[in-house]
Amino acid sequence: MRGLFRTLRPHQWVKNSFVLAPIVFRKGLILTTAQGPALNLTVTGRALAAMGVFCLLAGAVYTVNDLVDVASDRLHPIKRERPIASGQVSERAARAMAFGLAVASLILAYSLGVAFAVVASAYFVENLAYSFKLKQVAFLDVVMIASGFVLRVLAGGIATDVHVSAYMLACTALLALFLGFGKRRHELALGNAGKQRASLRAYSVRSLDVAMGATGAATALTYAAYTIDPATCAAFNSQRLWLTVPFTVFGIVRFLSLVSGRAGRGLKAESPTQEMLSDVPFVLNLVIWVVVMAAIVYKLRPNG
């Protein structure tokens, strides 16, 4: 059971928090009542249920991916310890779990609405295509990863009936591209790259550093533009959202330092996500960003 749970990669489920982005950035989380601000339980419940669906789908996708990659994972210095590659979990048991998770998650998705189920299904199909073929194509593989994040945000908006702005989609796509190129940079630094992932043969450290620099800068600029956009200021009834920009820039720079090895740490984790979640400066910066954002949304929300 422990091996099956590890196969689901729960540490990666933090990515599914993007499903919550629409209610956070469009103020759907808080209601104004006669007694003051209160948690919108209906919207919050649907948002968390939507996130749960994507966690189950992600678990199914990771399991399928490990089944497809079992041979190459055994050549990887870290991935060879994955439950399927190491033999801790049999391929038969993994297939059964993946099928069960996919069916259960899509049934739950349908309970949240047909449109949400369509987006969730598109996410699942896209990831199957990625696992079986598209991850072997350099740069397209990262674009596929980014589109998965965009689908998460769209699904969150549909599930909660919250409008998803063009700025939100642009920031999501750019940030996901940045993180995706960071993941490839991380993998390239581990060595034996071509045998681990076919697409890595077409990448170089220089090309990935350029791609990360470009998408990181574009992400920061787009987010900064979003914070000072008149529509954003009107939605939050505040001109102060720009105060969160420095934390966004620091997070991007810190991530660049982590995956390039300039942060003074060796690349010991299997993925950049694990590197980030174990890095104190990055996590502390993220917490401060959340606190500042929450203060703006909570204290500066208009009455009525």
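Which residue does the side chain of aspartate 69 meet in a salt bridge? The side chain of lysine 135 does so, with 2.5 Å from N to O. The views below come from a predicted model, in which local features need pLDDT of at least 70, side-chain atom pairs count only at pLDDT 80 or more, and totals for chains, interfaces and linings use all residues. Residues are numbered from 1 along each chain as its sequence is written, and side-chain values use heavy atoms, with hydrogens and water left out.

**View 1. The salt bridge between aspartate 69 and lysine 135.** A salt bridge is a side-chain nitrogen of Lys or Arg within 4 Å of a carboxyl oxygen of Asp or Glu; the structure holds seven of them. The pair of aspartate 69 and lysine 135 (2.5 Å, N to O) links distant parts of the chain, 66 residues apart. Aspartate 69 sits in the loop between H3 and helix H4 (70-73), and lysine 135 in the loop between H7 and helix H8 (140-160). Helices are DSSP runs (H or I, at least four residues), numbered from the N terminus. Aspartate 69 is buried, at a relative accessible area of 12%, and lysine 135 is buried at 5%. Buried means under 20% relative accessible area, exposed over 50%, and partly exposed in between (1.4 Å probe, protein chains only).

**View 2. Helix H7 with H3 and with H8.** Two packed helices are described by the angle between their axes and the distance between the axes. Axes are lines fitted to C-alpha atoms, for helices over the stretch in contact, and angles run from 0 to 180 degrees between N-to-C directions. The axes of helix H3 (residues 41-68) and helix H7 (residues 114-132) come within 10 Å and cross at roughly 20°. H3 is therefore roughly parallel to H7. In the packing of H7 and H8, the angle is about 165° and the axes are 9 Å apart. These two helices are therefore roughly antiparallel to each other. Angles under 35 degrees count as roughly parallel, over 145 as roughly antiparallel, 65 to 115 as roughly perpendicular and the rest as oblique. H3 passes H7 in a right-handed crossing, whereas H7 passes H8 in a left-handed one. A crossing is left-handed if the near helix is turned anticlockwise from the far one by less than a right angle, and right-handed if clockwise.

View 3. The side chains of aspartate 141 and arginine 184 meet at 2.7 Å, N to O. Arginine 185 forms a salt bridge with aspartate 209, the closest N and O atoms being 2.9 Å apart. Arginine 185 counts as buried, at 8% relative accessibility, while aspartate 209 is partly exposed at 30%.

**View 4. Arginine 9 and its salt-bridge network.** Arg9, Asp66 and Arg82 are linked in a network of salt bridges. Arginine 9 lies in the loop between helix H1 (2-7) and helix H2 (21-25). Its relative accessibility is 8%, and arginine 9 therefore counts as buried. Although arginine 9 is not a glycine, its phi is positive, at about 50°.

**View 5. Phenylalanine 139 in the loop between H7 and H8.** Phi of phenylalanine 139 is near 70°, a positive value in a residue other than glycine. Phenylalanine 139 is partly exposed, with a relative accessible area of 35%.

**View 6. A nonpolar surface patch including Ile107.** Phe99, Val103 and Ile107 form the patch, with about 320 Å² of accessible area together. Patches are made of residues with over 30% relative accessible area and no salt bridge: like charges are joined within 9 Å, nonpolar side chains (Val, Leu, Ile, Met, Phe, Trp, Tyr) within 5 Å. Accessible areas come from the Shrake-Rupley method with a 1.4 Å probe; for residues, only the protein chains shown count as cover. Isoleucine 107 is part of helix H6 (residues 91-111) and is exposed, with a relative accessible area of 56%.
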